[in-house]
Amino acid sequence: MSRVAPPISASAPDLVTDAQVVDPDHGGVPGADQRNFALLVMHQVLFRIGWVFKTESIVMPYFLDAIGGGPIIRSLLMVLNRLGASVPPALYARRLKLMKQKRWSLYATTTGSGVPFAIIAAVWWSEIWREADGSVAPWTKWFFLAMYAWFFVVTGLNQLSLQVIQGKLVRANLRGRLFTAGVVIGSPLSILAVWLLMPGWLARPDGFALIFAAPAVLFFLSGLAMLAIRETSDSYTEVREPGWRRLVRAARLAFEDPKLRPVAISAVLYSAAFTLFPHYQAMARESAGEAFNIQSLVTWTITQHTAVAVISFLAGPIADWFGARRAVQMTMFGAALAPFTAIFLAKGAGLGDGQAFWLVFLPLGCTPVTNKMLLNYTLELVGREHHTLYSSSIGLCLALPVIVMSPIVGVLVAWLGAAPVFVLMATILLAGGVQSLWLAETRTKE
């Protein structure tokens, strides 16, 4: 039977009850729940192994610095990251909602995420970036930023597709378990891959070609897993409207829907975490001085992804048992520790002139988990037919402050140094944690 979902007004009068959220309108083929759950775990595991080689806080900003970047250009990484993660999904949300089977979107966007990395790997391998004197050609950094922008446009669509298919195929009180399974299995394999492969690759002149080829291959394999998903066909309708109008509606919804407003405020404050991401590795290199070794990238990457696994192992069950609200609160306060820890360790603190900076990447592991838990919490607020719009709305709240603030943060880091900027952003993060204490409980019935 066709289900008509009219456009939501900014006041969103049709919020569902807690009981409906726990047992949503299921979109999987009867008897295929375990199969779909396993395939989604496989997708997340393969995607996570690929992702570890392009970590935003370590590998990407280090590479950009190596080819001629600096604090201001480095800050553009997060602008492109958040632009791709917010605006394209909001424009794509209607098309995805009307798509009969969402697995095709997840397949196309997952495999498509690997294309720009395949191109970067080919260019780096060919050495066409090298000038006659052996230096890096000036166009290289702009080419890299263009490929990075392409990647995050596709990845933004991918993350929305993943959220929607999880909302369709996985019950609310199992989504935390799905996230935990993907991380607990994927993180050890990611760490093993980094430990076995990255040291040798970093020691080679063409090592970055291999580092970028890895996510290209693994994203392709991750996409293939979606071809085996079994789901029922949706039959929604929605009035056609210009993309800019839907974007405005998603932005307005965040602050006009009384149940969504506290989440939106928390997301806006929490977005301060992303503005600092590219600057951690630079702060570590500066604090280490001549003692810095490129192999430190391996240690930092392993530390951060170990932290993500441990935090996810805690946050996932907490989200399933007590609601995503509790998991959001725990991880938001944890993420606020990262900039304070960075300032403490960068100053030496009697720990070997910054050589203990790897400890910063422990609380930094809260950041991707918080992002996921905020979106999972949003899914619990409304029925499945509204997941695309509400996910897009919170995605905008996580993105727009970063798009505006990241270049300013880059200028301030270049002008004042990292420490005062990190203190300011950490204070905003703490405010976000306090705001999360006012989030409504969505699951009072089991």
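**Setting up.** I'm working with a predicted model, where local features need pLDDT of at least 70, side-chain atom pairs count only at pLDDT 80 or more, and totals for chains, interfaces and linings use all residues. Residues are numbered from 1 along each chain as its sequence is written, and side-chain values use heavy atoms, with hydrogens and water left out.

**Helix α8.** I looked up residues 172–202, which form α8 (helices are DSSP runs of H or I, at least four residues, numbered from the N terminus). At 1.5 Å a residue (times one less than the number of residues), its 31 residues should span 45 Å, and the end C-alpha atoms agree at 42 Å apart. I then found a kink of about 30 degrees at Trp195, shortly before Pro199; the bend is the angle between axes fitted to the seven residues ending there and the seven starting there.

**α2 and α5.** These two pack at about 15 degrees, with axes 12 Å apart. Axes are lines fitted to C-alpha atoms over the stretch in contact, and angles run from 0 to 180 degrees between N-to-C directions. So I call the pair roughly parallel (under 35 degrees; over 145 is roughly antiparallel, 65 to 115 roughly perpendicular, the rest oblique). Leu40, His43 and Phe47 of α2 meet Leu106, Thr110 and Ser113 of α5 (contact means heavy atoms within 4.5 Å).

**α15 and α17.** Here I got about 155 degrees, with the axes 9 Å apart. That pair is therefore roughly antiparallel. Among the contact residues I noted Ala327 and Val328 of α15, and Val369 and Met373 of α17.
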